[in-house]
Amino acid sequence: MSIQRHSAEAFDALVRESEALEERMADWQVRSSEPDPAEVAAVRSDYRGWHARARRLLEPESQKKLDEYRDGGLFSQGVANYLDNPREPNVLQADDGSYPLGRWQHPFSQIREKLERQRALIAEVAPDTSPAEAAATDLSQCLRRLPELLATLQRRAPDWPIGEAISDEADLQIVVEAYLRTLFDDVRAEDYVPSHAGANSRVDFVLPEVGVIVETKMTRESLTARKLGEELLILSSASAEFCRRCQGVARKTGGISSE
């Protein structure tokens, strides 16, 4: 099990890709000649791939709307209709050969509107935070439940002083690592980040799949709130250079009690 989030960049990339597809198909109805069939086939294939990827990022209700804009309906044109035959003449033709309702059966002005609505669906669900920040928030909430986990184990084994056995940060790290490995496939313990202020810093755990660093700290008389803050600030500055994806730092501070 792992905590996975789609990045804001993934949504932005889909919007830009849709805009590029629109640009490629925009002039097919204003040319004096038919567009190259190979060109149309390539855009059709790229659009299908785009639609499949966009669909995976949306909730079921938005997926339905995305499909409707692609497929069209009885009285509306869909993107797929245009891509099947962008220069299909309008079936409503006057006796004199003119087209009172427009020359094309699938006018691009209507298709542009469908593409814009599809992009709007994607923009509406784009996250405001990075996946690392979101994962760090979720992970912090999980780590706050560690005392509840230990208390539950203690009730099943009253003669086993689980909480009291965690006497220092080394003990705490074992518990945290075991917990992290139930959530993530790749947990790298005691990794080093590049030198900061003339010294290398070692972090307790790195979670590459979500770009998060976890540092364990255990309270003691000599560790004041100010000193703890300074240590975490140095670690945070060094870790930013260590991994561009590491945009969140999940911190587990304080002791763990079985009470």
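Guide: Welcome! Helices here are DSSP runs of H or I with at least four residues, numbered from the N terminus. This is a predicted model, in which local features need pLDDT of at least 70, side-chain atom pairs count only at pLDDT 80 or more, and totals for chains, interfaces and linings use all residues. Residues are numbered from 1 along each chain as its sequence is written, and side-chain values use heavy atoms, with hydrogens and water left out.

Visitor: What separates Tyr-47 and Trp-50 in helix H2?

Guide: They are three residues apart in H2, so about one helical turn lies between them.

Visitor: Why is the pair of Tyr-47 and Trp-50 called stacked?

Guide: Rings of Phe, Tyr and Trp (its six-membered ring) pair if their centres lie within 6.5 Å, and planes under 30 degrees apart count as stacked, over 60 as edge-to-face and the rest as tilted. For Tyr-47 and Trp-50 the centres are 5.8 Å apart and the planes at 25°, so the pair is stacked.

Visitor: Are Tyr-47 and Trp-50 buried or exposed?

Guide: Buried means under 20% relative accessible area, exposed over 50%, and partly exposed in between (1.4 Å probe, protein chains only). Tyr-47 has 2% and is therefore buried; Trp-50 has 0%, so Trp-50 is buried too.

Visitor: What makes Trp-28 and Tyr-82 a stacked pair?

Guide: Their rings are 5.8 Å apart centre to centre, with 10° between the planes. Trp-28 sits in the loop between H1 and H2 and Tyr-82 in helix H4 (residues 79–84), so the pair ties together parts that are 54 residues apart in sequence. Ring pairs also link Trp-28, Tyr-82 and Phe-108 into a cluster.

Visitor: How do you know that H1 is roughly antiparallel to H2?

Guide: Axes are lines fitted to C-alpha atoms, for helices over the stretch in contact, and angles run from 0 to 180 degrees between N-to-C directions. Angles under 35 degrees count as roughly parallel, over 145 as roughly antiparallel, 65 to 115 as roughly perpendicular and the rest as oblique. The axes of H1 (residues 8–25) and H2 (residues 37–56) come within 11 Å and cross at roughly 160°. That makes H1 roughly antiparallel to H2.

Visitor: Why are H2 and H3 described as roughly antiparallel?

Guide: H2 and H3 (residues 60–71) pack at about 165°, with axes 10 Å apart, and H2 and H3 are therefore roughly antiparallel to each other.

Visitor: Which residues meet between H2 and H3?

Guide: With contact meaning heavy atoms within 4.5 Å, Tyr-47, Trp-50, His-51, Ala-54 and Arg-55 in H2 meet Gln-63, Leu-66, Asp-67 and Arg-70 in H3.

How values were computed. Helices (H or I, at least four residues) and strands (E, at least two) are DSSP runs, numbered from the N terminus.
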